[in-house]
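Q: I have a new structure open and want to learn how to read it. Can we go through it feature by feature?

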Amino acid sequence: MLTITITEDDIEALARTSMSEVGHFGRYGEETLKGGVKAVVDTILNRVAHPNFPDTIDEVVNARFQFSAIGGPGGVRTWRRLPRASDAVFSIVTKHLASRVSGSKSTVGGATHFLNPFLSSARALSTWGNHVVANAVASWGRGRDIHFHGFAPGTAPSPAYNVALNSAEKDSTGKGMTLIAAALGNPAGLAGQAGVDAPGTGSAPERDKTKAKQSGKDQDVGVFIEEENNNEDGIVAYHVEEVPLSEVTSLQTTLNRLAAEGWRMRQILPVQEKLLAIFEGDDLDRNVHESDDRSDDDEVHAPAVITDTTPEGRFVKFLSGLNLQHFQPQEFLVLGAQNLSGPAKGKNTLPPEDLWNNIVPTAKVLDVLRRRLGDKVRLSSVYRSPAYNALIPGAAGGSTHMQFRAADFSCADGLGSVWWAKQLSDLRDAGLFMGGIGVYPTFVHIDTRGQNVEFGPWKRRVFG
C-alpha cells in the first residue's frame, strides 16, 4: 500500500493552499472552516495517491490551472509565494494530519475534484462540474460561496494509502512537526492506515503510478480555479468572450471594449484552440456606493512622457520627497480604464497641483501595504476629475477620488479583495491612518478622509 510521507515543507504547502482556498470560511463558523480546510487537505493527498496526478504535494498544489491563487491566471506560480496561513488554519491542518497519521479516513472519500458551481464556466460545468455537484461526497461553505467535492466523470476514486511523517524530520523543532507531534502525544509520529473510505478502492501497488501529466491543453480537469466570489449584497453578472488563439492580437481590443461597457476582467483561461476571457459586472443598489465609488478598474495607464518641465515631472519630484520604498510616484498618475474609450473617454486629467498634498497620507499607507503583501499592488484609479467622475457608473458625487485622497487597488497574488481589505483594516486598526475602506469583488478602495468608514458590496465579509 502506498505511503505518503509528510515533510515540514508539505505541511506549509497544505496550510498556505488551504488558506488561499477556504481561509475565508471562518466567517461561517468554526466547523465550516474546519470542514473546508480538511476537505482541501484530503483532496490534495488523494491526488498524490492517484495515478492521474503528480506524485508529490508540491507538484499537486503548484500544477497549472488547479488552485487559483497559485496556478490560475494572475497566480503566484508556487505555494511558497503565498502568504502564511493564519494560526487557525495552520492548527486545523496539523491536527488533521495527525489524525490521518493515526489512521483516520479522508473526509472526502477518494474524491480528487472540487469546485464552486456559481463561479465555474459553462464548459467546466458541462464537462465535469455538474457531475461533481450531482454526486458530491461533501460540500462546505454557504450560499453561493460553496465548494462541492467529488469526482470528474470517468475518474476512479483515489486508491487506499497511508500517511506518515518524514522520519528525518519528525523529531525536528519545525512548527508543523512540533504541532503534529503534540497532537499525536507521541513525537515518533507513527504511521497509520489512513486510507480513503470510498467504495471500490482496494490496495494500490507500492508505487506504480503511471502519470497522466497535465498537458495544459484541457484545463477542465482541475480543482476550482476561480477565487470565491459570492455577493450577498448585490447580484454579480458574468460575461464570457471567446478569442481564437489565431486572433490573440485582438484580445486587447476586446478587453478595452468590455471595460468601457462597465465589465471587469476576472480571468483568462486557455481552452484548446482559444482563450476564454471571463468578465464580471455588478447589479448593485445605488446606496451601497453612497459613501464612495465604483472603480474604473481594469486597464490603467500612467502618462508616457515625464520630464522635469511637465506637470507629471513636477509631481514626480514632489512625491519623491516622501522617499517611498515600494512605489514609483508616477504610479499615482493613472488615468483609469474608462478614460480610454466609451462615454468617459478623455475626460480625466492629471490632479491639480493644489491637491497634491492630499495624496501624501494615502501614498504612505499604500507603501506600507505593498511591503506587507509582498506582491505588487496595482493601482487602477486614483485622481478623478469631476467631469470624469460624473461618467463613472455608480460613483459617489462627492467621491474622495476627486479630492486626490483615494485609490482603488488590486494585487497580483490571487488572494482576492477580502484578504486585501483585511490587511488594510489591520493597518488602520494599528493607527496608521483614519479613512475609508471599500470592499468590492475585484478591488479595494482606500482613502484618508480623517474618519473611519466602510462600504462596498462585500464590506460584511470583512467588517461583519
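Q: How many bridges join β3 to β4, and do the strands run parallel or antiparallel?
A: Start with the general idea. Strands of a sheet pair through backbone hydrogen bonds, either parallel or antiparallel. In this predicted model, β3 and β4 run antiparallel and are joined by five bridges.

Q: Where does Thr155 lie?
A: Thr155 is in the loop between β4 (145-150) and β5.

Q: Why does Thr155 count as buried?
A: Compare its accessibility with the cut-off. Buried means under 20% relative accessible area. Thr155 is at 18%, so it counts as buried. Setting aside residues up to four places away in sequence, Thr155 touches His50, Thr112 and His113.

Q: Is Pro311 buried or partly exposed?
A: Pro311 has a relative accessible area of 41%, so it is partly exposed. Its place is in helix α9. Not counting residues up to four places away in sequence, Pro311 touches Leu350 and Trp356. Sequence distance and space can also be set side by side: Pro311 and Pro351 are 40 residues apart in sequence and 9.2 Å apart in space, C-alpha to C-alpha.

Q: Which residues of helix α9 are buried?
A: In α9 (residues 311-320), the buried residues are Glu312, Gly313, Phe315, Val316 and Leu319. Now look down the helix axis. These buried residues fall within an arc of 160°, so they line one face of α9. They pack against α10 (359-373).

Q: What about helix α7: which of its residues are buried?
A: Read α7 (residues 175-184) the same way. Gly176, Met177, Ile180 and Ala181 are buried. Gly185 follows α7, and its phi is positive, near 70°.

Q: How many residues has the largest nonpolar core?
A: First the general idea. In soluble globular proteins, nonpolar side chains tend to be buried together. Here, the largest nonpolar core has 79 residues. Phe332 and Phe409 have the most contacts inside this core. Helix α2 (residues 30-49) gives the largest share of the core, eight residues. Another core lies apart from it, with eight residues, among them Leu115, Ala124, Ile146 and Phe148.

Q: Which residues is Phe332 in contact with?
A: Leave aside its neighbours within four places in sequence. Then the contacts of Phe332 include Phe315, Leu319, Leu324, Phe327 and Ile359. Ala363, Leu366, Leu379, Val382 and Phe404 are also in contact with Phe332.

Q: Which residues of strand β11 are buried on each side?
A: Take the two faces of the strand in turn. In β11 (residues 436-439), Gly436 and Gly438 are buried on one side, Ile437 and Val439 on the other. Both faces are therefore covered.

Q: Which strands does β11 pair with?
A: β11 pairs with β13 (residues 453-455) in the parallel sense, over three bridges. Three bridges also join β11 to β12 (residues 444-447), and these two run antiparallel. Gly438 has a partner in each: Phe455 in β13 and His445 in β12. β11 and β12 form a hairpin, with four residues between them.

Q: How many helices and strands does the chain come to?
A: The chain has 13 helices and 13 strands. Of its 464 residues, 56% are buried.

Key:
Residues are numbered from 1 along each chain as its sequence is written. This is a predicted model: local features need pLDDT of at least 70, side-chain atom pairs count only at pLDDT 80 or more; totals for chains, interfaces and linings use all residues. Side-chain values use heavy atoms; hydrogens and water are left out. Buried means under 20% relative accessible area, exposed over 50%, partly exposed in between (1.4 Å probe, protein chains only). A nonpolar core is a set of buried Ala, Val, Leu, Ile, Met, Phe, Trp, Tyr and Cys residues joined through side-chain atoms within 4.5 Å. Contact means heavy atoms within 4.5 Å. Two strands pair if DSSP finds at least two bridges between them. The arc is that of the directions from the helix axis to the C-beta atoms.
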